[in-house]
Protein chains: 2
Amino acid sequence: MKNPPSPFKPFDLTKYLDEKRELVNRSLLQIIDEKFTDYRLCDAMTYSLMAPGKRLRPVLCLAAAETVGTIDDDVITAACGIEMIHTYSLIHDDLPAMDNDNMRRGKPTCHIKFDVATAILTGDALLTLAFDIFSSRSLCSRKNRKLWLAVINAVSKAAGHRGMIEGQMRDMAAENNSLELDDLKKMHYLKTGALIEASVTTGALLGGGSMASIRHLETYASNIGLAFQVVDDILNVEGDPSKMGKATGTDQSRNKSTYPGLLGLTQSRQFASDLVNNALHAIKIFGNKANPLLALATYIIERKR
Amino acid sequence: MKNPPSPFKPFDLTKYLDEKRELVNRSLLQIIDEKFTDYRLCDAMTYSLMAPGKRLRPVLCLAAAETVGTIDDDVITAACGIEMIHTYSLIHDDLPAMDNDNMRRGKPTCHIKFDVATAILTGDALLTLAFDIFSSRSLCSRKNRKLWLAVINAVSKAAGHRGMIEGQMRDMAAENNSLELDDLKKMHYLKTGALIEASVTTGALLGGGSMASIRHLETYASNIGLAFQVVDDILNVEGDPSKMGKATGTDQSRNKSTYPGLLGLTQSRQFASDLVNNALHAIKIFGNKANPLLALATYIIERKR
């Protein structure tokens, strides 16, 4: 005899991610359609921006907004701008003078497909466009402009010389230099965590969250941000390059300090799992409203790419 | 017998420029002091930002504010952010993959003094910091936040993929390709003129100018922006490298289309002079209040570096 259908319907993360990615991709295409010309620079911007990415940061932004309120056009615009900033950072990090990577999101990197000069300028243009769309949207939005200025400030700080860019400097300096665990954590917080946190802050701000709920969401974000990086390191050891769309084993060949290198694989997995538990604890107060964030945290630790 | 002293006191541009550059430099140092750490990235940001530049864009921003109102802390902050964006564009343009220049502002370029990766990230960081300080200032300013958002929008558009960055793309594409005069003008408007215009717009907006006066000032700016570039081309032919802090003769060795190349030196000088006259005509309505802008236009055409 079959069990009766359960009244509890588990959250369908695959469906949620598909819907939200689709929403982000559609909005990005709309921006491209409105703002881009048929010049080489715009071709390169479109190429890198529309390559199949996980869209983790914009989805987190949307999910944070939903946790405290609703998703509206302001939140979607902000999410798109954050994805532009993330894409710019990938283009610049992949350059020959930096990580010298040939593949990204399953396709040749921007400087391979175009050329180094175009890739540098394409990154510059995507970063600049993010602030263009933030300010365009805020000028025509009915929402409190102070909120939008707070978003611009949070994102520029997270992406700036005391955030993501300093993280990349430290990441490069760490090649062939062994780091202590605390320095490794700090480097990753700067390089990846800060923008992930700002994505959640942005969604929470524009979604109308209180200061207290924004703080809970930021605790969630800083924990999953670090967990994301620990899992990245693990995947660089044992991931499948064809699923990941980029090479693996590169950390070891570059003599990079990693969590698996410092802690071993088993303890790295445990560390990631502890971080995700901290994240889940921080969003308990939102109850069912935080289901997407809850599922996203689980996805981050179980992902294969 | 000596003539009696004239009641008319001519405007002392040297003094004005010294005062305003000093104001900009002092404010930049204050920002550096508050925001920079002792890491390599901040060293490189300081190195390029504090190299002895003309500070044309921030001075234009201040002068525009003075023409329609007064210079306050908001205007000064905005002027500093614009200089950061200008400096970032110089650092990236100088890179080996682009113009491959070794000297800038009388000193080794950022990638020579540091390295290519650091120079790319230093440019990225200065661009991002501009939006950080725009939004920080606007959050604590009593001024209408809509004005600040309009500034962020004008500057990001001027610096973006339909402004300065597209200008650099076209400039590179024009090497070894001859351009028609109209395409050369368009390229220069994008590469240099757009940000010069946005500097003036920014000063006029934050200085409290009416829409009509902003439009007059923008006409002024687009004319002197182009004149500036024509003079740059002339100086590249006949300038003194020791005064200019960078090499000359480079346009010809790179087979670049230039005004002297297309029009000859004499007609190029005439063209620059016509543009400055258009600029002066546009600001007549401001009377004596526009004396600094008037003198700046003259300086642009008579400068030797």
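Mentor: Start with a term. A residue is buried if 20 or more other C-beta atoms lie within 10 Å of its own, exposed if 12 or fewer, and partly exposed in between; C-beta atoms are placed from the backbone. By that rule, buried residues make up 51% of the 305 residues in chain A. This is a predicted model: local features need pLDDT of at least 70, side-chain atom pairs count only at pLDDT 80 or more, and totals for chains, interfaces and linings use all residues. Residues are numbered from 1 along each chain as its sequence is written, while chains are lettered from A and ligands numbered from 1 in the order in which they are written.

Trainee: What makes chain A agree with a compact globule?

Mentor: The radius of gyration is taken over C-alpha atoms, and the globule rule is 2.2 Å times the number of residues to the power 0.38. For 305 residues the rule gives a value near 19 Å; chain A has 19 Å, so the two agree. Its C-alpha trace spans about 55 × 50 × 45 Å along the principal axes.

Trainee: How many helices and strands does chain A have?

Mentor: Chain A has 15 helices and 2 strands. Both are DSSP runs, numbered from the N terminus: helices are H or I with at least four residues, strands are E with at least two.

Trainee: Why is Thr67(A) called buried?

Mentor: Thr67(A) has 26 C-beta neighbours inside 10 Å, so it counts as buried. Thr67(A) sits in helix 3 (residues 56–68) of chain A. Contact means that the C-beta atoms of two residues, placed from the backbone, lie within 7 Å. Beyond four places in sequence, Thr67(A) contacts Leu217(A), Phe286(A), Lys289(A), Ala290(A) and Leu293(A).

Trainee: Which residues of helix 3 of chain A meet helix 15 of chain A?

Mentor: Val59(A), Leu60(A), Ala63(A), Ala64(A), Glu66(A) and Thr67(A) meet Pro292(A), Leu293(A) and Leu296(A) of helix 15. By class, the residues of this contact are 7 nonpolar, 1 polar and 1 charged. Ala, Val, Leu, Ile, Met, Phe, Trp, Tyr, Cys and Pro count as nonpolar, Asp, Glu, Lys and Arg as charged, and the others, Gly among them, as polar.

Trainee: What makes Gly167(A) buried?

Mentor: Gly167(A) has 21 C-beta neighbours inside 10 Å, so it counts as buried. Gly167(A) belongs to helix 8 of chain A.

Trainee: How many residues does the contact take from each chain?

Mentor: It takes 41 residues from chain A and 41 residues from chain B. On chain A, helix 6 gives the most, with 15 residues. The side of chain A that touches chain B has 24 nonpolar, 10 polar and 7 charged residues.

Trainee: What puts the buried residues of helix 2 of chain B on the same side?

Mentor: They are Leu41(B), Ala44(B), Met45(B), Ser48(B) and Leu49(B). They cover an arc of only 125 degrees around the axis, so they lie on the same side of helix 2 of chain B. The arc is that of the directions from the helix axis to the C-beta atoms. What covers them includes helix 8 of chain A.
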